[in-house]
Amino acid sequence: MGLGLMSLSFFLVFNFKIPTFILLAVLGSFLLKNTFDTNLLYVSPLEKDKIAHRHEYYSQGLGRVYKNRIGIYLNYSVTPYISRFSKNLAYNLDSNLYFFANHPRERGGIIEFDKFFYISLPIFVFGLISLLSSANVLPIIYFAVCLFITAFLFPGYDLGPVLLFPFIVTVLYLGVIRIFDK
Amino acid sequence: MNMKLRILLLLIGVLLIAGIFRFWKLGSVPPGLHLDEVSEDYNAYSLIKTGKDRYGMTMPIIFKSYGSYQPPIYTYLTTIPVLFLGPTALAVKIVSAVSGMVVVFFTFLIIKEFFVIRKNDELGLLAALVVAISPWAIFFNRIGTEASVGLAIFISGFYFLLRSTVKIGYFLLATLLLGLATHAYYSERILSIFLLGGLVIVNWRWYLKYKKWFFIGLIVFALIQLPQLAIFKSGAFTRRLDQVTYFNRGVPIIREFASQYTEYFSPRSLFFEPDDQTSRSMPDMSVFYKWMIVPFFFGFTYLIKKHKDKFVQCLFLLMFIAPIPAALTTDPFYTLRVFELLWVFSIVISLGIWVILLKIKQRIFKYAILIAIIIFSLFSFYVNYFVLYKYERSDTVRFSSLELINILKERQNDKFVIDLSRDISIGVRIALYTRYNPLLFQKEIGKPFLDMYYSSVDYEKEYKINNAEIRPINWKDDVYKDQILVGDPLAISQNQADEHKLKLVFELKDLSGEITLRGYSTNPRKKCVSSNYQSPYCKSL
């Protein structure tokens with residue numbers, strides 16, 4: 001996995017499109033197979049209780065707008081899963097997850113750790129500015145694809161959202177280049 | 001149609017949307033008042049009736065309130081609605097809602113007059129619309145919070161500061177408003193100085209040309225700070241910072257500051273997860289709608305490309321300084337402290353929407369998308385606020401205390417002991433809802449705290465209002481007196497009720513159906529017979 005991520009970082013930094021996506025497909029499939037977040041398809045008793053309560057609130061607050069097949073279907077069969085998926089998505093979008101061990105919004109029951117040195121954050125910011133002002137779309141597409149895949153993975157697994165690490169490495173690289181160019 | 005008339009009508013439309021979502025059911029949703037609103041409302045009432053606050057202080061520089069201090073402008077402004085409506089829930093929220101309207105209007109003016117692109121009017125309208133419909137703006141404009149008025153004064157000051165770079169005379173008005181903003185909320189104390197300094201540095205050649213105006217402006221700003229300087233050493237001025245900062249908690253300061261600072265730029269906190277404190281957020285809704293992350297990205301990209309423009313530099317400056325006050329505190333993502341940042345982000349989002357809409361060639365699709373987005377956003381806000389927040393968070397505004405007051409009125413011959421362990425505002429709440437004479441409050445409750453108003457944070461913890469004693473329950477004595485004990489399930493457990501022979505008189509629930517308050521009548525005779533401890537009160541029975 002480590003070797004794969006290093007290679008991915010290399011391909012991404014030097015803009016090798018096809019190798020990047022081939023390797024991403026391999027690593028992504030491997031991760032989806034081994035660390036898929038089964039909670040995405042599971043509604044806990046506590047959540048069921050919350051949904052039942054909300055059924056009452058929606059009925060009182062929205063009336064007919066809610067009390068129909070679509071409204072009830074959305075409350076019971078769609079919202080819980082979308083909510084879980086967007087939560088996973090949100091965890092991976094938090095820069096503090098990578099640089100500050102998720103401080104100050106640590107998650108309960110998960111061991112948080114720094115993935116990158118926090119002193120490298122300014123370089124990351126420079127890199128991000130550099131990326132957004134350039135026409136280099138590969139890292140952005142890579143980021144979007146990885147973000148989507150990673151949202152299906154269990155957010156508490158030991159390594160964290162590893163597929164996004166090559167993106168951060170690339171942005172750090174762009175940051176270093178920008179600083180030294182100036 | 002005339003272009004100006006069209007823009008004017010659209011602006012009225014935006015203000016109408018903003019107004020509907022800020023004023024509709026303002027007095028009843030949320031179904032109660034937050035602790036700070038209670039204090040502001042009763043202090044405003046007290047000021048009108050006596051010219052003094054509830055402790056008897058004449059025109060305070062900063063209002064003492066439950067172990068801390070409240071910046072003064074909000075309470076002083078609240079005296080106006082309280083004068084006409086009385087000390088009601090609606091009266092204390094109106095200033096905040098009006099402040100929200102002011103922010104929407106000034107957003108339009110700022111973008112219209114200073115942004116770099118052509119057709120600024122349309123972008124100005126879009127920016128005003130985004131502010132008008134953003135969850136953070138509507139949510140907090142419906143709470144009586146000093147931060148709302150702080151933002152309104154700050155943004156209007158920002159507008160005149162920008163105008164002063166074209167016509168120097170506006171510099172006086174800008175410094176006046178930015179000076180006032182420091183009395184409106186805590187964050188603005190730092191931000192006003194940073195913004196003033198930053199903008200002067202960016203435009204130093206211009207201000208150098210008008211030295212006289214510049215120095216008069218600075219004198220105006222300094223004069224407005226004099227009241228704060230008067231209490232600078234008393235402890236009141238820095239009390240809030242002492243309460244919330246991590247400087248004295250043994251944490252690595254640079255790392256802590258950096259992590260708190262970056263948290264305010266985190267998409268997780270901005271678009272996905274609500275503020276951790278339930279009283280400051282809606283269920284399942286963050287400060288912006290989830291879809292806004294897409295235009296946020298486009299807007300940011302656009303701004304980076306236009307970074308050489310002076311107005312864009314001002315926005316970046318504001319974006320850079322806005323999280324500083326909040327990052328000095330321990331609370332993760334404390335929305336109230338970063339209104340200026342959220343305002344800048346709203347502009348970034350509107351810019352992103354504008355960039356995306358420009359890519360769509362057909363006008364009909366453009367408007368259809370825009371209208372669909374507005375309807376979807378407002379509907380999801382309605383569901384999360386007017387339905388979920390109202391029911392699931394009614395305990396945060398102490399909905400059940402309203403019913404408790406009715407019980408107190410109905411049972412005027414009974415004596416009550418009301419526990420304040422988890423609602424320190426309960427006594428002032430009762431005083432507010434029963435319109436308890438502020439003169440009596442000052443004399444009987446406030447007086448001991450008047451001498452050390454600014455230097456001590458002690459506040460009322462044991463006092464009496466009409467037939468109710470407000471204090472923690474004293475289990476040693478209270479159960480031997482004939483009275484009704486009121487508390488939440490943590491204050492009086494079922495075991496305690498059984499042990500002390502208490503009889504359930506009433507149960508009060510919040511809107512979600514959870515029991516929040518219980519009232520038990522004591523039975524001194526039964527208790528004296530059953531207890532080994534011989535209380536002095538048993539002898540008189």
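The following legends describe close-up views of a predicted model. Local features in this model need pLDDT of at least 70 and side-chain atom pairs count only at pLDDT 80 or more, whereas totals for chains, interfaces and linings use all residues. Residues are numbered from 1 along each chain as its sequence is written, and chains are lettered from A and ligands numbered from 1 in the order in which they are written.

**View 1. Packing of helices α1 and α8 in chain A.** Helices (H or I, at least four residues) and strands (E, at least two) are DSSP runs, numbered from the N terminus. Helix α1 (residues 2-13) of chain A packs against helix α8 (residues 165-181) of chain A at an angle of about 45 degrees, and their axes are 8 Å apart. Axes are lines fitted to C-alpha atoms, for helices over the stretch in contact, and angles run from 0 to 180 degrees between N-to-C directions. α1(A) and α8(A) are therefore oblique to each other; angles under 35 degrees count as roughly parallel, over 145 as roughly antiparallel, 65 to 115 as roughly perpendicular and the rest as oblique. From α1(A), A:Leu5, A:Leu8, A:Ser9, A:Leu12 and A:Val13 meet A:Phe165, A:Pro166, A:Phe167, A:Val169, A:Thr170 and A:Tyr173 of α8(A). Residues are in contact if their C-beta atoms, placed from the backbone, lie within 7 Å. By class, this contact has nine nonpolar, two polar and no charged residues. Ala, Val, Leu, Ile, Met, Phe, Trp, Tyr, Cys and Pro count as nonpolar, Asp, Glu, Lys and Arg as charged, and the others, Gly among them, as polar.

**View 2. The contact between chains A and B.** Chain B contributes 24 residues and chain A contributes 23 residues. On the side of chain B that touches chain A, α13 (253-263), α14 (267-272), α15 (293-305) and α19 (363-392) each supply at least two residues. The largest share, six residues, comes from α13(B). By class, this side of chain B has eleven nonpolar, six polar and seven charged residues.

**View 3. The open sheet of chain B.** Six strands of chain B are arranged in the order β4-β5-β3-β6-β8-β7, with mixed pairing; two strands pair if DSSP finds at least two bridges between them. β4 (463-465) and β7 of chain B stand at the edges with a single partner strand each, so one side of each is left without a neighbour in the sheet. Within the sheet, strand β3 (residues 416-418) and strand β6 (residues 484-487) of chain B pair in the parallel sense over three bridges, and B:Ile418 stands opposite B:Val486. β6(B) and β8(B) pair in the antiparallel sense over four bridges, where B:Ile484 has B:Ser521 as its bridge partner.

**View 4. The hairpin of β7 and β8 in chain B.** Strand β7 (residues 503-509) and strand β8 (residues 515-521) of chain B run antiparallel and are joined by six bridges. B:Glu507 stands opposite B:Arg518, and B:Lys509 stands opposite B:Ile515. Five residues lie between the two strands, and B:Gly513 in the turn has a positive phi of about 95 degrees.

How values were computed: Contact = placed C-beta atoms within 7 Å.
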